[in-house]
Amino acid sequence: MAEQGKPVPPEAAAAQRSSGSLQILKVLTRWEVILLLIFLVVIGVSAGVSPYFLDLFNIMNTTFNFMEKAMVALPMTLVILCGDIDISVAGIMALASLLMGAASAAGAGAGALVLIGLGTGAAAGLLNGLLIVRFSIPSIAVTIGSMSLFRGIAYAVLGDKAYTRYPKGFAYLGQGYVGDTLVPFELLLFVLLAVLFGLLLHRTTFGRKVYAIGNNATAARFSGVPVRTVRLLVFCLSGLMSGLASVLLTSRIGSTRPNIAEGWELEIITTVVLGGVAISGGQGNLFGVIVGIFLIGFLKFGMGLINVPGVVMNIVIGFLLIIAILLPGSVGRLRNRLLLRRQLRGGG
Amino acid sequence: MKRLLKRRELTLVLVIAVLVAAISLRHPAFLRASNLYDILDDTAILFMVAIGQMMVIVTGGIDLSVSSGIALVGMSVGMLNQYYPGIPIALIVLISMAMGFVLGASNGLLISQAGIPPIIATLGTLSIYRGFVFVLSRGEWVSAHEMSAAFRELPRAAPLGITNLLLCAVLVTVLAALFLTLTRTGREIYGVGGNRVAARYVGISLKRIDFLVFTVSGVIVGLSGLLWVARYASAQNETAAGFHLPTIAACVIGGVSILGGTGTVPGVILGALFLGIVINALPVINLSPFYQMAIQGFVILAAIVVNTLVDQRNQRLMLRKRVL
Amino acid sequence: MYPGGEVSDSILECRKIRKDFPGITALDEVDFKVRTGEVHALIGENGAGKSTLVKIVTGILQPSSGTIAHRGQVVEFRTPLASQAAGIAAIHQEASMFPELSVTENIYMGHHLAGGRARLLDWRAMRARTRSLLQRLELDIDPDTTVRDLSVAERHMVEIVKALSLDAQIVIMDEPTSALSLREVRDLYKIIRQLRAEGRAVVFISHKFEDIYEIADHFTVLRDGRYVGEGPVSGTAIDEIIQMMVGRSLKQMFPKTQAAIGETVLEADMLSRPGVFRDVSFQLRRGEIMGVFGLVGSGRSEVMQALFGIEALGSGGGTIRIKGREVRVSSPARAKAHGIAYIPEDRQLQGAIVGMSIRDNVTLPMVDRLSTIGVLNRRREEAVTEEYGRRMEVKAAGWEQPVASLSGGNQQKVVLAKWLATRPEILIMDEPTKGIDVATKAKVHEFISRLAGEGLAILLVSSELPEILGMADTVLVMHEGRVAARLERAEATAERLIRAALGENS
């Protein structure tokens with residue numbers, strides 16, 4: 001195809017920049033902003049439906065329910081941005097919890113348990129990463145298999161039993177508050193991690209490389225980006241954070257059963273996709289994902305207040321996932337059409 | 001290469017033979033005909049659903065919702081039988097397949113018309129269908145004494161020598177094999193999986209094929225749902241939870257590439273048989289059934305790695321054959 | 001009847017075809033006429049519009065205006081199938097094969113033969129037909145072979161057989177000899193002659209004179225999306241055709257300035273990769289532009305990619321010396337560290353990340369150097385982008401613009417900018433002007449000359465004879481993985497280069 005280009009004439013581009021209302025339109029139709037609006041709607045509706053909703057104590061306490069998932073959603077964002085997917089995160093959580101339980105039964109202290117949890121997560125992530133990168137196997141295939149393996153080990157060891165003995169100090173991690181405040185330790189930890197991940201993704205060379213790989217892994221490689229190393233690290237990170245989430249979850253519920261965090265991968269992936277990250281990789285940002293986390297978290301809180309059973313909540317999450325995929329596409333198209341029309345009319 | 005295909009299936013047959021032999025050495029009862037027959041009967045549903053899964057994977061997709069579909073249809077017909085025991089079984093069979101059709105078609109529409117990637121769409125319906133099981137049953141089960149005798153007898157009855165259950169599996173297998181090798185549409189499924197762009201250029205409708213495979217998978221799921229709850233004489237909210245994994249495992253072991261374009265019915269049957277034998281051998285060698293998931297996961301990973309290594313080796317051999 | 005009342009023995013006639021894309025006119029009132037029993041070469045440089053015209057004729061694209069007449073009747077090809085139904089078959093390159101399926105199935109996909117009341121597929125008939133078609137073209141291929149196991153040339157042949165199975169009256173081939181060895185090219189010529197003898201028309205797109213002169217009867221030249229001229233091949237001198245293709249004299253096209261040639265910076269010694277290339281040795285000096293010529297498949301790109309570390313050379317694969325020191329180039333990152341830059345052939349896939357901004361693209365190879373302990377430094381990035389974006393004269397509204405919105409020529413400039421920013425000493429360029437308009441092409445050539453003048457050592461891989469003849473100080477010709485000839489500028493003639501590329505002793 002001939003490619004004699006007439007590049008965008010500078011006049012039109014300049015007009016585009018200077019037009020104020022056009023700028024506002026551009027901002028308003030961004031996915032993250034729309035998500036924020038939906039979030040406010042959810043808050044509004046929930047508050048209207050139940051008086052318990054806007055209670056600060058309740059709000060703080062409900063975050064307990066989704067902070068662990070939130071923490072796994074952070075590295076999942078990187079995984080999906082890279083063009084991959086990690087379906088084994090919940091399986092890793094089960095495995096880590098198993099090993100922590102076993103160690104606790106053998107008398108290990110809280111500090112050791114944390115290390116074991118994190119270590120298991122990192123090791124599992126490393127295994128995923130090696131299989132995917134070394135053998136060039138699609139991540140979906142590997143993580144479906146490893147998900148079964150990891151959780152399967154938990155089932156094999158525990159069967160229908162559970163570990164229930166955990167050292168006293170351990171409970172603080174998942175159940176404690178910061179000092180005398182209403183702020184749960186988990187929430188504080190999440191905020192810190194969110195900031196760290198935000199910086200990692202949007203302010204470091206590592207993050208830039210992640211975006212490059214997700215957009216075009218071949219061109220990234222040809223540009224000297226160590227694609228294999230980056231992908232490996234991303235999966236290690238995913239495993240590590242799954243391990244951390246497992247530490248907190250196990251600490252919060254105080255026991256380990258093989259079905260711990262079962263099905264969580266669905267909600268975590270939904271959160272990331274809802275946050276505007278394209279499933280094909282390369283597009284999206286962490287802010288949208290964080291909004292998505294709280295959106296789903298408070299939506300479930302609201303549903304819980306009107307006694308919607310957990311399984312039915314899953315139906316809603318399932319629909320949300322499908323809508324999440326459809327919406328950015330149609331919103332994007334609508335946005336392009338609006339902007340184009342404004343532009344053609346002469347800058348607005 | 002036809003030879004390569006035969007080699008893979010031959011290898012599987014050998015592996016299965018060795019496996020059976022090894023177990024039988026320690027536990028001679030394993031090799032008894034009645035036991036082997038039981039294994040086939042036990043694995044019948046896996047055979048069927050794995051074949052449906054295979055068609056989806058060959059086009060490059062995946063269907064994670066099969067487990068929830070089985071539960072939803074199973075619960076539905078179970079409750080139907082509970083409250084209206086008078087409905088003839090033949091009609092129930094048709095209803096189950098019709099329901100399966102609807103579930104599969106929903107997947108198909110989301111994927112072919114709305115353009116949602118199969119992994120996401122079926123991850124969503126996995127949850128949605130499972131949720132509806134609960135909504136339908138309000139948390140209650142349908143247990144054996146609430147089902148009519150005819151209902152429970154359906155899979156067990158053996159009017160033609162083998163159980164109806166096994167008969168269904170055989171029918172599905174044979175029909176699928178014929179469809180995939182001897183009809184135009186069947187071959188177009190391979191075309192779409194092999195090269196979407198090229199398939200479009202030769203006039204194949206991608207939307208039609210995508211819709212078709214999910215719908216067929218759905219119909220099989222529907223029938224399997226009925227057979228499942230009838231066989232185990234119970235319809236629960238957790239019925240068939242996680243069952244989508246062994247169907248994928250069976251395909252991968254059987255040589256179906258996760259990227260699409262390749263795969264045979266015999267391969268999938270052998271893959272499913274392998275899994276069935278492993279699962280049935282667990283109690284025999286004193287491993288609790290809780291080991292099932294771990295073994296499945298391990299086998300999936302091993303099969304994928306082996307597949308990849310073999311492919312890479314073949315690529316290198318091909319390159320070396322070139323004249324230089 | 002045809003407007004104008006002409007009686008035509010043409011089987012296909014395109015009149016005043018125009019194709020517009022947003023911001024680009026790919027074809028501007030192009031005429032194109034093909035007669036039965038004729039081998040017609042559609043000639044033009046990269047970016048002249050040949051592929052677009054073929055896409056319109058095969059129903060993949062719709063013309064913005066203009067008419068297509070098939071056997072005198074005006075028609076519209078709304079879909080590829082419609083074009084196929086009219087007896088037009090196009091042979092694309094890799095895109096149309098099903099690698100895991102057999103030869104028979106590749107030929108019959110989409111129109112499998114079915115018979116009997118049950119409409120079951122008749123494999124025996126399909127296999128037999130395939131076998132007879134293969135035999136007719138004297139091809140030694142088993143119909144049951146999986147296509148993945150065939151060589152590129154064999155796949156091409158299979159595509160031709162596919163066209164025959166549809167009883168195509170017009171067979172269109174896009175750069176058919178691109179990936180063939182000498183013997184395979186001869187086989188292809190034989191097949192084309194046979195098709196002609198059967199009264200079919202063969203159109204092939206090419207910019208290779210060797211093909212044109214060997215088998216074409218008639219030619220049409222396109223330039224910049226416009227129809228320039230046509231005529232019979234015999235009786236037209238090669239220079240005339242070049243003039244039509246290029247529009248100006250070689251001197252004007254390639255403003256080559258003589259650069260001072262300095263010491264050796266790169267030494268390749270017996271580079272080998274089993275099955276791909278063998279015993280490739282050469283020396284490259286500062287300020288020198290070494291053209292690398294050869295048919296695709298001769299191993300040129302693969303040698304360059306080995307130099308750049310895309311796939312490291314194995315032990316026994318030869319040695320690479322940079323400024324006298326032996327180095328091991330195991331990855332593009334290492335190559336970058338050694339001062340090697342590579343402008344890849346496939347701009348969209350390998351060169352630029354079109355989903356990202358110009359700035360992100362330009363700074364990518366340098367991103368670690370431009371950061372402070374891993375943290376991005378916006379100011380430094382902007383400075384570098386500004387400097388090299390201006391140097392390369394990238395035309396864009398702003399550096400934040402996504403590369404996807406740029407024209408082909410500008411995208412290539414971004415690719416050049418990003419590599420120049422790494423301040424390389426050795427620059428490898430693989431088909432740098434492919435798919436670019438003529439004006440930008442001249443600019444790129446100017447740059448290359450300038451860069452050589454600034455002391456860069458340049459390897460220029462190209463399949464365009466005029467480009468090599470115009471730009472190179474020395475020419476390395478490759479053939480089937482080996483160095484066939486090494487010629488200085490003075491002794492490099494079109495004929496010598498072609499013969500070396502075809503493997504004939506000069």
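**View 1. Domain 2 and domain 3 of chain C have C-alpha centres 25 Å apart.** The contact between them involves 10 residues of domain 2 of chain C and 7 residues of domain 3 of chain C; two residues are in contact if their C-beta atoms, placed from the backbone, lie within 7 Å. Helix 16 (residues 438-453) of chain C provides 4 residues, the largest share of the domain 2 side. Helices here are DSSP runs of H or I with at least four residues, numbered from the N terminus. The domain 2 side has 5 nonpolar, 2 polar and 3 charged residues. Ala, Val, Leu, Ile, Met, Phe, Trp, Tyr, Cys and Pro count as nonpolar, Asp, Glu, Lys and Arg as charged, and the others, Gly among them, as polar. Domain bounds come from an automatic or database domain assignment.

This is a predicted model: local features need pLDDT of at least 70, side-chain atom pairs count only at pLDDT 80 or more, and totals for chains, interfaces and linings use all residues. Residues are numbered from 1 along each chain as its sequence is written, while chains are lettered from A and ligands numbered from 1 in the order in which they are written.

**View 2. Chain A meets chain B through 36 residues of chain A and 35 residues of chain B.** Helix 8 of chain A gives the most to the chain A side, with 14 residues. This side divides into 27 nonpolar, 8 polar and 1 charged residues.

**View 3. Chain B meets chain C through 23 residues of chain B and 24 residues of chain C.** On the chain B side, helix 8 of chain B gives the most, with 5 residues.

Methods. Helix = DSSP H or I, 4+ residues; strand = E, 2+ residues; numbered from the N terminus.
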